[in-house]
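Here's a quick briefing to read alongside the model. Keep the viewer open and follow the points topic by topic.

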Amino acid sequence: MSLLCLSPPIISTSTNYRSPLLPLPTIPTQRQLGGGRRRRMIKLSASSKLRCSSAMVIDEGCTSSSSYLQEEMWYSRAFWVSKETIAWNVDAGNGSYFLIGSKNATLTVVNGEIQGYDVKIELEESSESLPKNVIERFPHIQDFKPLQLPRDLDAKSLLKYQLTVAILGSGGECTSITGLQLPGILDELFYYSGPLGAVFSSEAVSLYLWAPTAQKVNVLIYGEGEGGDHLEVVPLEESNGVWSAKGPLTWEGCYYVYEVCVYHHSTSRIEKCIANDPYARGLSADGRRTLLVNIDSEALKPESWDHLVDEKRDLVSFSDISIYELHVRDFSARDNTVPSDFRGGYLAFTSQDSDGILHLKKLSSAGITHIHLLPTYQFAGVDDNKGKWQCVDFEMLESFPPDSDEQQASITAIQNEDGFNWGYNPVLWGVPKGSYATNPSGSSRIIEFRKMVQALNRIGLRVVLDVVYNHLHASGPNGDDSVLDKIVPGYYLRRNLDGLIENSTCTNNTASEHSMVERLIIDDLLHWAINYKVDGFRFDLMGHLMKRTMVKARSVLQSLTKQNDGVDGSSIYIYGEGWDFAEVANNGRGVNASQFNLCGTEIGSFNDRIRDAMIGGSPFGHPLQQGFITGLSLEPNDHDHGSNSDVEHTLAVSKDHIQVAMAANLKDFVLTNHEGKEVKGSEISMHDGAPLAYASSPIETVNYVSAHDNETLFDIVSLKTPLNISVDARCRMNHLATSVIALSQGIPFFHAGDEILRSKSLDRDSYNSGDWFNRLDFSYNSNNWGIGLPPREKNERHWPLMKTRLADPSFKPGRSHILAALESFCCFISIRYSSPLFRLSTANAIQERVRFHNTGPSWVPGVIVMSIEDGHEGVPGLSQLDPTYSYIVVIINASPNDITFTSPSLRGKSLQLHPIQMNSGDEIVKDSNYDNSSGSFSIPFRTTSVFVEPRPI
């Protein structure tokens, strides 16, 4: 999902890319309720009149007050937070509070009278505040009133009822009523640490399902994945909220679904929900049934699978990691050197002589250590049955002009019926996506996923999975893609103060602050780490998860051992998007996993500061707003950036931001800012006043300049630069950007195609733009520029800007440009791995060794100068880390002109241009010079030059 900027209040870049959402239940709005929440006092009498219907019924003769109260029952504005306490924020006045429940969900309000209840319990209002432990768990209701329940109440059985809290007057008249949110009491009474899902033993198959609010659960066993009647209906037995059944080993290879009878708050009915197992490890081809598969079966393991841990590339420190972000389908969908059955899927990574694999081998040889795969779990938006896909004739699309809207019209006409989607539409977290397998039925997806991991590991690339635990694609009791909300309705998804599902992540936000949600997330991580031997996890919208969850996840993963689990957990790296917004902002639902909160955890978070400073603006700003490497001040476009002094100030501030990022965005790193003051990284402010730096360790910072979200690096450079510069100039800006990321302290992160000038024809959000706009060409013949205007939905507003550029043939790079970009990228990655000084592992080492020159108000505009110092063996002071080089100077010249920079502190060194650059095909960088008598450097235009001081041989 979107790598969004931290500070803007509105998240808009990539939050609407899912398939169409299921409709929410019809709930009266404030407008329908008359625009307010006034309570009306009417005289009623109390009784318990049960009705046959399970629906909430409103008699035609109801008064408007009764109708209003009936509508209020749709909401869940009270919270059962512990065994003794319900929290509500409504004053009873002269009335009394009651907990009212109906086993058959027959509650209704008729002429102001609450009818259809089985249980009516008076609650005692407390004069105290909510307990501290409750406020810590539910900070958003800290001001609510605590209502005390009887100590001898049998809460466990009541939690299977339709429940409301009401205020009744002395004569039984109802003045207010609402439903209850139950996660607090469910966690207290029903937290469970035992087995869940299908468990295979030598004698039987056992099923375990956590469903404490369910009234009845059956499992339906099928012989086939689709069609046919069930073979068996087996009732599950409940023990303290966990339902279980035991079956014969002959169940293996069969399929099953759960039939759960449970009260669902969204319909106010007892629903019979048909659901997959939340702990599913396999699925039918249509995803509607869970496969009974023993994930430990030898038949599902590639040859030597159990010894893969010994074949993985060595990883001495997390600071040695570099990450390449790749979509499974993008990698090979249009690669004719891959067998046709493998294209766009897992097995493409096993084709050792394909263009794509040969490309990955080049990156691995240069030093890239990890491949980050966009979502590979079971997601919605792509049918797993390839026979149902629609496609477009690419030859026809190629006949249209480069600035035509015909291409996007053809692509969007079938975009929900083709084989492409980024995959941020989670349905089941623990099953590999079937559309990437040669056969989505049975166990093929399991075997092929393992072969993919094994093949990547064997060419020196560890595998990171993109995990999306912050939301689910569907909810409610009926949708095919709804799972968790069918089994424990209202628990897994985060709800607002009205009881409606929060949708700030896009849709159906999950609630990791609830204990069994957290457990499911951690169990799923362990499943992928142990059963698929993956090497890391990238957390989508990580800030919407709790810090506690992330810290626990890291600890559990790190504890895995080769001896006990077949994997080395100490080498598993986790990172994610630490954006802090919406209902979780400022710890609104507990201490969340935001950038600032993660300081000290050694969990990485994306550094949006360096992205925005280098490119210019933010994903929310004007697309022509320039940055440090896209021409700000030095090569202006036609956009109004303010006065000359404003522009110069912005350029200087951008340099500060980039320098802090190159020092791993450490909050305590001290440098001289553009004003000439010595400041810490955390003392430099963002435009909104927030501190710039947040990390306490270099591995807590993931530096990037582009990712799957927003425009590609080449596209954004092409948008922001002046129309009249050459494609050669734009390509060198692309090289500059990747060089800064490659040579910074912290973890470098690259979007697939950064190194080959990848274009999506200026599409800012290609989540559902098909293979046409997302193509990668590892034959290096095309970068995909100028293939038509990008899809209207997310791009039409800026089509006029785009048309001018797409129509101009001078914007399109040739094969020579692509090859030069690839060589430049590999050179800078190789330089990074040529010295441990580029990969310092502690904040202290960075503070001691990294310095920035060309600082203060008299700086040379557009130039960053960084030095890294090493010690000498046997000499007091810094320890020696690098046996080859004792001193390194990196000079980044973003100016369109050659520059000279002189620093007395850099005189007398034995510096020379890095041998990798001297031996490269970039003739321009070879004109870089250093004069040791003056400490003067000459650097060509738009060039990053690396100078090293070799140790005496």
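What follows covers strands and sheets, nonpolar cores, aromatic pairs and cysteines.

This is a predicted model, so keep the ground rules in mind: local features need pLDDT of at least 70, side-chain atom pairs count only at pLDDT 80 or more, and totals for chains, interfaces and linings use all residues. Residues are numbered from 1 along each chain as its sequence is written, and side-chain values use heavy atoms, with hydrogens and water left out.

**Around strand β9**

- Strands here are DSSP runs (E, at least two residues), helices are runs of H or I with at least four, and both are numbered from the N terminus.
- Strand β9 covers residues 174-181, and eight of its eight residues are buried; buried means under 20% relative accessible area, exposed over 50%, and partly exposed in between (1.4 Å probe, protein chains only).
- Two strands pair if DSSP finds at least two bridges between them.
- Strand β1 (residues 78-80) runs parallel to β9, joined by two bridges, and F79 sits opposite Q181 of β9.
- Strand β8 (residues 162-168) is antiparallel to β9, with five bridges; L168 has C174 in β9 as its bridge partner.
- β8 and β9 make a hairpin with five residues between them, and G172 in the turn has a positive phi of about 90°.

**A five-strand open sheet**

- The strand order is β31-β32-β33-β38-β35, with antiparallel pairing.
- β31 (850-853) and β35 (912-913) are the edge strands, each with a single partner, so one side of each has no neighbour in the sheet.
- Helix α17 (residues 727-742) packs on this sheet and touches β33 and β38, its direction making about 45° with that of β38. Contact means heavy atoms within 4.5 Å; axes are lines fitted to C-alpha atoms, for helices over the stretch in contact, with angles from 0 to 180 degrees between N-to-C directions.
- β33 (residues 885-893) and β38 (residues 943-950) pair in the antiparallel sense over eight bridges, and N893 has T943 in β38 as its bridge partner.

**Nonpolar cores**

- A nonpolar core is a set of buried Ala, Val, Leu, Ile, Met, Phe, Trp, Tyr and Cys residues joined through side-chain atoms within 4.5 Å.
- The largest one has 226 residues, and W80, L99, L360 and F537 have the most contacts inside it.
- Apart from it lies another core of 17 residues, among them F318, I323, F606 and F749.

**Aromatic pairs**

- Rings of Phe, Tyr and Trp (its six-membered ring) pair if their centres lie within 6.5 Å; planes under 30 degrees apart are stacked, over 60 edge-to-face, and the rest tilted.
- The count comes to 34 aromatic pairs.
- Y575 and F606 are edge-to-face, 5.7 Å centre to centre with 70° between the planes. Y575 is in strand β25 (residues 573-576) and F606 in strand β26 (residues 604-607), so this pair ties together parts 31 residues apart in sequence.
- F606 also pairs edge-to-face with Y704, at 5.3 Å centre to centre and 80° between the planes. Y704 is in the loop between β29 (701-703) and α16 (713-720), 98 residues from F606.
- Y575 is buried at 0% relative accessibility, F606 is buried at 0%, and Y704 is buried at 1%.

**Cysteines**

- A disulfide is a pair of cysteine sulfur atoms within 2.5 Å, and the count is zero.
- For C273, the nearest cysteine sulfur is that of C261, 8.2 Å away.
- C273 is buried at 0% relative accessible area, while C391 is exposed at 71%.
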